[in-house]
Amino acid sequence: MSVAILGGTGIYNLPEIKVEERLINNRYGEAVAYVGQGNYRDVVFMTRHGIKHDTPPHKVNYRANMRALKDLGVTRIMATYAVGAITNDYPLLELAVMRDFLDFTSGREFSFFDAIKGGIGHVEMSKPFCPILSAKTIELAKKHGINVHDGATYVATNGPRFESPAEIKMYQILGGDVVGMTACPEIFLAAELGMSFGAVALPINLAAGLEENITLATDNINEVRENMVRLMLDVLHSTTNEECQVPILL
Ligand code: HPA
């Protein structure tokens, strides 16, 4: 059994950990996974945009990736997302623990239930993110030198364009806190395959309309990202399958 770190923009390796690249073909397409070596054989790393950052959000093969993680024996995932902040409650370069989402994506392959023998299923999304993984993230953040803020609602857009100011205003009114382009359908695909899923968002800019032009935070960003990955690993190694939760199938 394994755990996985699913990295977003800027997360292209696991600091200090040797990995072996695996190209995985499944019925949904091709995925690239990096399997830890030595003491980290239980860790799988995947970076959804590719290590050269050449797969845009709407072209990520989310189903191939999630199926590959499942077939590698992954049971618990911690995912990271670079986002824009749409409220003041989530400062730049401080971690936002995701607890809910608003899905505005379209045209993506977003379910396994059109291809699995045995009919259809419906994952329940009352708790989209594993509460145990979220709580452990908050508990361990300080140790890794990271400021953390709980309770973020993630707005998923199609991208690759950024939003308009009016769209951001709408997302604020609807209760969104941060905006990104990739968490959907990852969250519910993982749930359909029975994997526990925790997620953190790292705001790297104020969303459209909140300042004159969007500027990306760059100061100390590599250090923050490395600390974030160390935190994710610590969270995964400080929790067990038995205590973690997966949304139920109805
Ligand atoms: N919008 C959407 N996705 C993003 C943003 C944003 O402002 N920043 C980083 N990813």
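Tutor: A pocket here is an open set of points on a 1 Å grid over the protein atoms alone, where a 1.4 Å probe fits and where protein lies on both sides within 12 Å along at least five of seven lines. The model is predicted. Its largest pocket holds about 380 Å³ of space. Lining this pocket are 22 residues, and those closest to its centre are Thr 9, Ala 82, Phe 162, Met 181 and Ile 204. By class, the lining has 12 nonpolar, eight polar and two charged residues. Strands E5, E8 and E9 each supply at least two residues of this lining, and E5 has the largest share, with three residues.

The ligand sits in this largest pocket. Around the ligand are Ala 82, Val 83, Gly 84, Phe 162, Glu 163, Val 179, Gly 180, Met 181, Ile 204 and Asn 205. This shell divides into six nonpolar residues, three polar ones and one charged one. At least two shell residues come from each of three strands: E5 (74-85), E8 (178-180) and E9 (196-206). E5 again gives the most, with three residues.

A nitrogen atom of the ligand is 2.8 Å from an N or O atom in the side chain of Glu 163. For Gly 84, a backbone N or O atom lies 3.2 Å from a nitrogen atom of the ligand. For Ala 82, a polar backbone atom is 3.4 Å from a nitrogen atom of the ligand. These pairs count as polar contacts because the cut-off for two N or O atoms is 3.5 Å. On its own the ligand has 260 Å² of accessible area, and the protein covers 94% of that.

The second largest pocket can be described in the same terms. About 290 Å³ of space lies in it. It is lined by 17 residues, and Val 32, Thr 47, Arg 48, Gly 50 and Thr 55 lie nearest its centre. Strands E3 (29-36) and E4 (43-47) each supply at least two residues of this lining, with E3 giving the most, four residues. The classes in the lining of the second largest pocket are six nonpolar, six polar and five charged residues.

Technical notes. Residues are numbered from 1 along each chain as its sequence is written. This is a predicted model: local features need pLDDT of at least 70, side-chain atom pairs count only at pLDDT 80 or more; totals for chains, interfaces and linings use all residues. Side-chain values use heavy atoms; hydrogens and water are left out. A residue is near a molecule or strand if one of its heavy atoms lies within 4 Å of it. A polar contact is a pair of N or O atoms within 3.5 Å; within protein, one must be able to donate a hydrogen and the other to accept it, and residues adjacent in sequence count only if both atoms are side-chain atoms. Accessible areas come from the Shrake-Rupley method with a 1.4 Å probe; for residues, only the protein chains shown count as cover. On a 1 Å grid over the protein atoms alone, a cavity is a set of points where a 1.4 Å probe fits but cannot get out, and a pocket is an open set with protein on both sides within 12 Å along at least five of seven lines; lining residues have an atom within 4 Å of a point. A molecule sits in a cavity or pocket if more than half of its atoms lie within 2 Å of its grid points. Ala, Val, Leu, Ile, Met, Phe, Trp, Tyr, Cys and Pro count as nonpolar, Asp, Glu, Lys and Arg as charged, and the others, Gly among them, as polar. Grid points are joined across faces, edges and corners, and a volume is the space filled by probe spheres set on the points.
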